[in-house]
Amino acid sequence: MVNTLANSTNSKNIIYSKIFILLSSLSKNLMGMFNLIYLYNHGFSLVELALWQLIVHLCYLILQPLSLKFSYKFSNKILISMSLLFFILTYTQLIFSLNSFIDLILNAILFTTYATFYWNLKHSLEFNTLDDKKVGKKVGIILIIGQVAEILSSLISSFILDYFSIIPLFITSSIFMIIAVIYVFKIDEKRKKKPKGSLLTYFKVVPKTTLFHMFLREASTVMGNFFSIYLYIYVSNTYSFAGFTNFLLGLASIIFIYFISNKIDKKRESYQLLSTILLCLVYLFKINITTEVVLVVVFLEGFIKQFFSIVSNNNYY
């Protein structure tokens with residue numbers, strides 16, 4: 001009887017976690033998909049946008065250890081509430097009070113604070129749905145959920161930004177995030193045990209290859225962000241084209257994930273170098289094309305990028 005109740009509770013937690021991942025990913029991507037394009041249209045130069053991205057990652061290095069300490073002192077409900085608060089502050093400031101480079105720095109700090117609390121909780125909930133058996137398949141499911149959210153958000157956000165304004169997009173995104181937060185409140189939490197040792201101890205025991213995988217994942221994200229601006233400036237001066245490009249990328253990604261995720265468990269490490277080389281090659285091709293032919297390369301990128309993501313996420317988890 002006790003086992004039955006425990007299994008039922010665990011099943012509900014997994015369902016609520018996946019609903020949170022889907023809705024929050026949709027919300028996050030609605031506002032974040034074209035962050036740099038919006039800032040560029042707001043009058044900031046490419047150099048200033050590169051500095052914004054640099055400040056974001058420097059803040060991650062500072063805030064990540066602090067947020068981990070918070071995660072052991074406070075419940076998931078408090079952590080996601082803090083993330084929601086900074087999410088609203090980030091985009092309220094972006095829309096209504098972004099006039100100088102100092103404002104841009106403040107936006108980077110607000111954005112990183114919201115994102116740090118969000119990603120820590122999201123990864124924690126994802127990790128709770130995994131075990132040592134068939135990690136590749138389960139990571140594949142998580143990635144498919146994320147890709148579905150990216151496809152929907154890219155189409156919705158590009159349409160709203162081209163034909164309306166960022167304010168209705170912010171309202172829509174906030175509604176999805178609030179609903180996602182409600183599902184976190186439905187999850188039954190276990191008491192967290194603080195691990196022995198410091199964060200420095202963690203970096204000592206984590207394999208160097210895993211740290212390198214984490215670096216590569218962040219580098220891939222930055223490259224993807226700036227490629228959206230490249231499309232906007234050199235190929236088609238609309239959000240819709242960038243949105244359709246993300247749609248093709250997501251569609252190819254889902255197809256690839258569905259067929260390959262089961263097979264990654266057998267050779268996690270051996271695939272890392274191959275996937276990294278292929279990803280670098282596809283970016284090299286992309287930055288040398290300034291016509292709609294780039295869509296063909298993007299569709300191929302969907303396969304290669306998710307090959308890279310599945311390998312990296314498997315090694316990470």
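The secondary structure of the chain comprises twelve helices and zero strands, where helices (H or I, at least four residues) and strands (E, at least two) are DSSP runs numbered from the N terminus. The order of elements from the N terminus is accordingly α-α-α-α-α-α-α-α-α-α-α-α. The model is predicted, with local features requiring pLDDT of at least 70 and side-chain atom pairs pLDDT 80 or more, while totals for chains, interfaces and linings use all residues. Residues are numbered from 1 along each chain as its sequence is written, and side-chain values use heavy atoms, with hydrogens and water left out.

Of the 317 residues in the chain, 46% are buried (under 20% relative accessible area, 1.4 Å probe, protein chains only). The accessible surface, computed by the Shrake-Rupley method with a 1.4 Å probe, comes to about 16400 Å², and carbon and sulfur atoms account for 69% of it. Among contacts (heavy atoms within 4.5 Å) with a separation of 6 or more, 86% join residues 24 or more positions apart.

One cavity of 30 Å³ or more was found, a cavity being a set of points on a 1 Å grid over the protein atoms alone where a 1.4 Å probe fits but cannot get out. The largest cavity has a volume of about 50 Å³, taken as the space filled by probe spheres set on the points, which are joined across faces, edges and corners. Its lining (residues with an atom within 4 Å of a point) consists of L30, M31, F34, N35, Y38, L94, L161, I166 and L169. Two or more lining residues come from each of α1 (2-32), α2 (35-41) and α7 (166-186). The lining of the largest cavity contains eight nonpolar residues, one polar residue and no charged residue, with Ala, Val, Leu, Ile, Met, Phe, Trp, Tyr, Cys and Pro counted as nonpolar, Asp, Glu, Lys and Arg as charged, and the others, Gly among them, as polar.

Technical notes: On a 1 Å grid over the protein atoms alone, a cavity is a set of points where a 1.4 Å probe fits but cannot get out, and a pocket is an open set with protein on both sides within 12 Å along at least five of seven lines; lining residues have an atom within 4 Å of a point. Buried means under 20% relative accessible area, exposed over 50%, partly exposed in between (1.4 Å probe, protein chains only).
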